[in-house]
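Biologist: Could we go through the pockets, the cavities and the ligand site of this model? Please give the cut-offs as we go.

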Amino acid sequence: MKNVPLYIAGEFVESQTDQWIDVTDPATNEVIARAPCTTDAEMRRAIDNAGEVFKAWRETPVSERARVMMRYQALLKEHHDEIAEILSSETGKTFEDAKGDVWRGIEVVEHAANIPSLMMGETVENVAREVDTYSYTQPLGVCAGITPFNFPAMIPLWMFPMAIACGNTFILKPSEQDPLTPMKLAELFEQAGAPRGVLQVVHGGKEQVDILLTDPAIKAVSFVGSVPVGRYIYETGTRNMKRVQSFAGAKNHMVVLPDANKDQVVKALVGASVGAAGQRCMAISVAVFVGEAQEWIPEVRDALAAAKPGAWNDKSASYGPIISQKAKERVESLITRGEEEGANLLLDGRNCTVDGLPDGNWVGPTLFSGVKTDMDIYKEEIFGPVLSCMEVDTLADAIALVNDSPYGNGTSIFTSSGGAARRYQHEIEVGQVGINVPIPVPLPFFSFTGWKGSFYGDQHAYGKQAVKFYTETKTITARWFSSDAVAETNFSIRMR
Ligand code: NAD
């Protein structure tokens, strides 16, 4: 069994702590590693070193910082499958899914390699006679990132490459449930030529996070995780006068109109609801069938019934296990609750087994119809392979239903009507909208723009917004007198 190291001041070191958290393989529940609860002294060292290193890193030319990202994205591609295998071993994700997790992170690093043009400021000449105004974007200092278990490659890569390319140093506190993938990312970052201490990785839970949220040396905090923790991070971080972007939980609706392509709807619903065992913040957990589209629910049931969980290297598996026993129990108890609340349980994923892996956290595909907005299975983010179907009469009813949800991460509409799609994209109060695309995650030259209860803050992850988040704007107003230039020229001629 492996003790996960800390990465402090450019060295991979074993923590001196006496408190360790088990990292398990969710397909077997065997302990595969232990993550340390970083001590206060180690946290201090990481923060102080990151502050010290910042002084030199902010002076490093932007093109050199970009070159680190160019080398890093190439190295990540070279080690793509190796990272995905580590990721599968600690999350249980299927290999295909794990590769997707790594790839979507690599795309952000490619984007970060464009940092010179992304950091360009603005200029206006002659704002007054012989007065010019121009702005620079400058890094903030030490930034911190706190990441969830469900994308251990992609989400750390949403954060530190953009922050560091902007000239900041960065302290990452990855999820204690799958810290091996982020450590591999850190190792490769060093190999890409990132100076020591530009990135630090610490482990632990609330205690370590609280230090990052309150230490005055930390200027900005990026968080991705559940709703209660997301609110806590935003409130505590901003109370301590930090810039905070906090991405939280979700409940994403797919609206199905009767003029949609039925086969595409069924296929999209299966992949988007049970893919990654439903443990995606952009998973479709609610399908809203409008009018006659309700007749398609039995076909969705049959297609979902064919989806099977299994081991990460089982090519026939549609998805992997739930991350922990506790999380599995929570998903199963919510299914029971849905039954008690009166929803129709069309497919029951409780008591699921997988041959040869009797101790894994398996939950089979689960489908409810007749779900109502006052039911817990509608109100709670289940974060499992559970799809709730709701039935409404009109597009207007569907829009009202989605807009009443406290969450606003993602949504999609399936239709062949441009007018209906246009109306939906315009009226819907959700930050990321897919039209005949079930999971509309924007590529990194845009930003990941969740709304309402799914995001606290204003500048989002990656894209131009991340550059705004990780920099300050300095605006300079300069007056140089042309008449002085003439005098200067005469002066230099005289000197010759
Ligand atoms: P989580 O909130 O339990 O943990 C996230 C991070 O916060 C971890 O690093 C954890 O150690 C830390 N943490 C946990 N409790 C804490 C506390 N009391 N105080 C301070 N820090 C604490 O989330 P998770 O279960 O790892 O991840 C799943 C959640 O993340 C889901 O709700 C999912 O929707 C959400 N998520 C959101 C997005 C998005 O972009 N909106 C993306 C991915 C995941």
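Biologist: Why does the second largest cavity lie between domain 1 (2-248 + 462-476) and domain 2 (256-435)?

Modeller: Both domains give residues to the lining of that cavity, so it lies between them. The domain bounds come from an automatic or database domain assignment. This is a predicted model in which local features need pLDDT of at least 70 and side-chain atom pairs count only at pLDDT 80 or more, while totals for chains, interfaces and linings use all residues. Residues are numbered from 1 along each chain as its sequence is written, and side-chain values use heavy atoms, with hydrogens and water left out.

Biologist: Which residues line the second largest cavity?

Modeller: Its lining consists of Thr91, Lys93, Phe149, Asn150, Ala276, Gln279 and Ile323. By class, three are nonpolar, three polar and one charged. Here Ala, Val, Leu, Ile, Met, Phe, Trp, Tyr, Cys and Pro count as nonpolar, Asp, Glu, Lys and Arg as charged, and the others, Gly among them, as polar.

Biologist: How much space lies in it, and what counts as a cavity?

Modeller: The second largest cavity holds about 50 Å³ of space. On a 1 Å grid over the protein atoms alone, a cavity is a set of points where a 1.4 Å probe fits but cannot get out; a pocket is an open set with protein on both sides within 12 Å along at least five of seven lines; and lining residues have an atom within 4 Å of a point. Grid points are joined across faces, edges and corners, and a volume is the space filled by probe spheres set on the points.

Biologist: How many cavities of 30 Å³ or more are there in the whole structure?

Modeller: The search finds three. About 100 Å³ of space lies in the largest cavity. Of the 15 residues that line the largest cavity, Gly278, Ala283, Ser285, Glu381 and Phe383 lie nearest its centre.

Biologist: Now the ligand. Which residues come nearest?

Modeller: There are 29 residues around the ligand, and the nearest are Lys173, Glu176, Ser226, Ala248 and Glu381. A residue counts as near if one of its heavy atoms lies within 4 Å of the molecule.

Biologist: What are the distances from polar side-chain atoms to oxygen atoms of the ligand?

Modeller: For lysine 173 the distance from a polar side-chain atom to a ligand oxygen is 2.7 Å. For serine 226 it is 2.6 Å, and for glutamate 381 it is 2.6 Å. The protein covers 87% of the 850 Å² of accessible area that the ligand has on its own; accessible areas come from the Shrake-Rupley method with a 1.4 Å probe.

Biologist: And the largest pocket: what is its volume, and which residues lie nearest its centre?

Modeller: Its volume is about 1,100 Å³. The lining has 39 residues, with Phe149, Gln177, Gly225, Ser226 and Val229 nearest the centre. Domain 1 and domain 2 each supply at least three residues of this lining. Phe149 also belongs to the lining of the second largest cavity, and Ser226 is one of the residues nearest the ligand.

Biologist: Which element gives the most to that lining?

Modeller: The greatest contribution to the lining of the largest pocket is from α9, with five residues. Helices (H or I, at least four residues) and strands (E, at least two) are DSSP runs, numbered from the N terminus. By class, the lining of the largest pocket has 21 nonpolar, 10 polar and eight charged residues.

Definitions and conventions. Polar contact = N/O pair within 3.5 Å; in protein donor to acceptor, adjacent residues only side chain to side chain.
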